[in-house]
Amino acid sequence: MGDEPTSLSDLLRRCRPFSAASSLPSGYQNPNPNPNPHNQTHQPCSNPQNPNTPKILKPIRSKPLIGTLTLTTPSSSCLNSSCLKFTDHTATVCCDIINNFDLQIIGQRIKILAFNFIPVKPNCGYLEIIKWHLEFDPSDINNKPIDNKPNNFNGFYLNSVVPTYQHTIIPRCLLFGLLISVSPVTSVPCTVTKTGTKTLTGFVAEVTVCECELCSSKDPLTLPQGLTGIKDKDHIFTKSKIVYFCGDASVWYPVVSRMVGRTVSVSGMKKKMVFLGEGKSLMMYVTTEKAVIHLPMCTSKTAINGRNANTTNTLNVYTGSITATYMQGMVVELDQKVLVLLTDNQLSMPHGLRIGAIVTVRNFHIEDPKFTWTKVIIFGLCYKTSIRVNVFSPIESGCYQVLQSRSLLRKFIESLQFSARLWVLLVISSMRKKFAGVLSEMEILGSKHMEGLVQKYCSSCLPLSVFRFRHGVLSEYCLHDLCGCGKEIDYDAPKLVAPISNFISQCEDLFIKKLYDTNHKYSSIVCGGKSHEQSIRKIIKSEDMNIVLLGNLKISEYSGKLQLVDATGCIDVVIPDLPSVWSIKDIYEINEFSVVIEGFSRDLKHLELLDHEPFTCGNIFNHFRLSERKKINIYINCYMKDAKSINHILHPSVDMEENLKEFESGLFHLILLAHKFPIQQKFPGDYAVSNNSSFYAEVIILPWNLVLHNDVVMIDSSRDDKRCDLSFQHEFPCTVDFYGEKPSVNLGDLLYCTRAAKKVLLEFKSDSFWKFETLRIGGYYLIKHHHKGLVCTTKDFNKVSMDSKSHFWNVSFSADLAGPATARSIYLHLSVEHLSFLEIKLKELKQDFIKPTNSIKVTSASPPSGAFNVNLPTGNLLFVQGRVMAVHTSGQSRPLARAHPCIGHRVTTTSVCIHVLVDRNMVKIYSSLSEHSYPTGFGPGVKANFHRVLLTAEGGTLKLTPASVIEIESIIIDNNQCNNESDITSVTSVEGTTTSLLTGPTVLISEMARFSVHKKVRLHCKVISVYVLVMEKNSDSRVDFPFAGFIMDDGSSSCCCWTDTKTVLTLLGSREWSPHKRSRTSLHKAKRKKLEACGDTMSRLSDILNQNGRVVIKNNGSVSDSSCLDAVISVDSECVIKESDEQFLKGLILQVSSSNSWNVVGSVMDSEGLNQIVEELQRVDMMMKLPLVNIWASEVSYLDNLNEGRSILQELLKSE
């Protein structure tokens, strides 16, 4: 390395940060870029390929810099009043000095041997002086070194920065003591003249003095030289004095502020009573033209220095390393655990507050904001606080800049208590990231004359107790405790406004932590003789996270699902009460919600926790990158009644204003939504909502019109629009209530028209797809009549195109004066008689247009010619409503091409089996639809409506077709109810599901003989005894029942029912058990007790089989005897079964025989099946000697006598 230029102009021209020294050791290498030398073992190693690794200042060899250290007032180039200035013959820059700071250096030429240079902006820079010494003055005639001053050199005049000598000292009002604190430089009005008000610039300092005999003496012979010889430890500084450095003396602020914690000596002052405002004044020492600052202070060591904080009153001291800076320097992080708030505009801090520097903070307030989402300690700064740089940073980072912004938001922040200030700064950071590109910086932050979104939102969230009136620098410094600075307020901290990217990562992290805490517990379900793993679901309530979500509601172009979106990410959302009137331009605030997180254990084995918590203040301030783990499904469930639009803070929503204006008057048609055709992706990976996409809804135009009276509307056939028949038979007066952002009440008439109802197909283009998504099957809507008459004049089954300007208002009918105020709903209030008439007519129309589900036919399609010869299924279309108990794959998944742009899930087309509890009966619905065809939140624990489910004619199987639609009515958001196990209180077991229970004929056992073989029928019967039961362990170490026979009776006769393991588990009231499974801890107590009993039963059976091998239970007595007196239990092992185990098995048989009634679906066994039964009986030394009908039971479920009676009654009523 060669010598580099040494003039300031050359450094400024280079405009590059570096570290320079007049000499470098040979073989010099870059130091470790550890910003905190005190915690080196905790810092990561430098990785040059990592963009987040801090860069070290490039070391260069340089000739010494020679120039003068001066004191100047702040200028346009630097507004920081704490800066020292260094100048040479070419330029002037701000500087700081750390080692051996000597008062004699002021105004003298020095030689700088080592320094750091940080460019600030063009032609401006910052010099960190590390090593220096005084230089000879070339202009001195005697060529003496400057440091060889006369022995009587004493100090400097404060007003002129001129050196003083002993014979010039005037010891009047000399003050010698320990400098405790210094206020910022401030200007106050002092006199009023004809030309205006004159201001006085200055700062105040607190000095504690000693009251010993020598310090109290006024003898000029002993002062100040007598004090110079006395060591500081011989003084006790207790009495507080205030010194006001005013006028020209204010230029000494950079020097005095660096002396905090050291002894100072100032003379030549006057005592004056200074008015502080609001009728308060204080006696101070005020500097005069002859005031002198003396040298003894620079020989003393610091008296209150320390590494750790001393929490005595406000005199807290803390030394630490700067590990991060946020929000343009308004937040400084020390040692990765403390946040220092530099939010006061008046505070002047050194430029050296750079990442990696070691600093000492004095006179601050310690606060715990008590945030629930993260733990942090705040150092709140006041006008007594000072920060001194002890060690300059070796890292290439920007220097601290004084922010002179006096916007309304900055003043708002300064008026808050410290923890509230930090929360507002977090809101600022979040909103800037969330709405980047959506709102301008001025709309978010405001200006000097206009409040922005942040200030208005924060004002609505914060209580009045966190606001405090500011009294000015002098008052708050001198009357510190009286002004309430640093006083902690007991209040509930507001919720965190979380960016969606941080929110998703936090949910994933919490989910993985819970999995580790519960040791990856999971459950499975047996269906079709196979075990299927069930997804693990965890639910987190918003009150547990204490956060609020802000964003726009939009429909994903890729999946076609409703999402909450901001600039950082998106998340699927389920809103059961989503109104038909909402705006994609509105910003919604969601305070109450539940987060549902699901995943399969096989996908979660290798997931690891994040290195950093997503909700830490640092990750909120910085750009947080969404993690790459995408095998976890996350969505939120909320209600619009718990959400609100915050657009009114900025400006009213244009969409909502037009919507309300359109609903103020006019004629509206009443329609009924009969069906919505689901989104179809033409090819794998295609966007669900593209520019050329169309979506269709089947509606019924009802013969009812609504007329609102704010406008005169002529309702007769003479109007210009001849195509629409507006004549009516009945006119019902009504009141229309609109509940929304601006509730309104209107008067109108509901007209029963003469025209007939008709069915129409509505087409929605991509720009109006969000309106299509809000429509619910079976809902009533109002649509405004237009002169073009596209809706009311179209013929039956014609298509009508809807655009983005077409509005749908969801409407409900009520006889009350006021209906429930749900989110943006419309209620039509009619009289009781008129409402009854309306309900009867609407019911008749539904029966005419929406036929009974068991008679809706699907015509058989002819197989197409060519290579694609496919036989399409035929059957009836049904409507199924119930609670989803389990969902599992029934075949191989076929992954599609692309990944979701927001959550990264792979789109798959999978053969799925859905178990649905319908009126206490379990049914299976099969589906081969793509993953995007299922609504957000679909899975176990939801109450869902399945529209147009195909019941195949050949096999009685329920299937979802491309025309089928699933709508979610509600989602269980309670972890105690949301579980992967079966709901024992509703149905005995998921394994007993059936589809034929809805279609198979119910017969008596005495009638079974006349039915053909393999004809499935339904029996209502009870188990009266066990005939034979064989138990063993299968290859998976699970309890298996390869051969089982039960005696069933329904009162008319008895039969022998043969079945498999799945049905035996149902009859035993148990489920499959393995040593790797345990009951979920999130069940209700009542359910838990039953599950524990079932788990104990299977666990006991497993232990018995481990000890004895195969176990056979045979009933050698009467088939109607359920007492088990003649039951014989044999084992394969040579030893005899334990008596306790034998009693347990007999008790199990008794339990089965005394259980409830059952729905049994089965068929009479053929000769081949009977021969197999005979062979199995012979293996266990039994014979087929029972004169009973033998049936094979394929499905068994619990019989609900009440629901069964209702079903029979309905069948009888239909037959009439």
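Start with helix α20, residues 1139-1153; helices (H or I, at least four residues) and strands (E, at least two) are DSSP runs, numbered from the N terminus. The expected span of a helix is 1.5 Å times one less than its number of residues. For the 15 residues of α20 this gives 21 Å, and the end C-alpha atoms are 21 Å apart, which agrees.

Before going on, note that this is a predicted model: local features need pLDDT of at least 70, side-chain atom pairs count only at pLDDT 80 or more, and totals for chains, interfaces and linings use all residues. Residues are numbered from 1 along each chain as its sequence is written, and side-chain values use heavy atoms, with hydrogens and water left out.

Stay on α20 and select Asp1141, Leu1145, Lys1146, Leu1148, Ile1149, Val1152 and Ser1153, which are its buried residues. Buried means under 20% relative accessible area, exposed over 50%, and partly exposed in between (1.4 Å probe, protein chains only). Look down the axis of α20: its buried residues fall within an arc of 150°, so they line one face of the helix. The arc is that of the directions from the helix axis to the C-beta atoms.

Next, select helix α21, residues 1167-1179. Its 13 residues should span 18 Å, and the end C-alpha atoms are 19 Å apart, which agrees. Which residues of α21 are buried? They are Gly1169, Ile1173 and Leu1177. These cover an arc of only 80° around the axis, which puts them on the same side of α21. Ser1167, Glu1168, Gln1178 and Arg1179 are exposed on the other side. Show β50 (1017-1033), β51 (1039-1049) and β52 (1054-1059) as well, since what covers the buried residues of α21 includes these strands. After α21 comes Asp1181, with a positive phi near 60°.

Now move to the largest nonpolar core, which has 103 residues. A nonpolar core is a set of buried Ala, Val, Leu, Ile, Met, Phe, Trp, Tyr and Cys residues joined through side-chain atoms within 4.5 Å. Select Leu422, Val424, Val454, Phe503 and Val595, the residues that touch the most other members. Helix α6 (residues 418-434) gives this core its largest share, 10 residues. Leaving out residues up to four places away in sequence, Leu422 touches Leu339, Leu341, Phe371, Val376, Ile378, Cys617 and Phe621. Of these, Cys617 is buried, at 5% relative accessible area. A second, separate core has 52 residues, among them Leu84, Val256, Val260 and Ala291.

Select Val338 in strand β18 (residues 338-341). Val338 counts as buried because its relative accessibility is 5%. Beyond four places in sequence, Val338 is in contact (heavy atoms within 4.5 Å) with Val332, Glu333, Ile377 and Phe379.

Then go to Phe237 in strand β13 (residues 237-246). Phe237 and Thr208 are 29 residues apart in sequence and 5.2 Å apart in space, C-alpha to C-alpha.

Finish by colouring by pLDDT, the predictor's confidence in each residue, from 0 to 100. The mean for the protein is 76, and 73% of its residues reach 70 or more. Over residues 25-51 the pLDDT is below 50, and it stays under 50 over residues 137-148. Where pLDDT is low, the predicted coordinates should not be read in detail.
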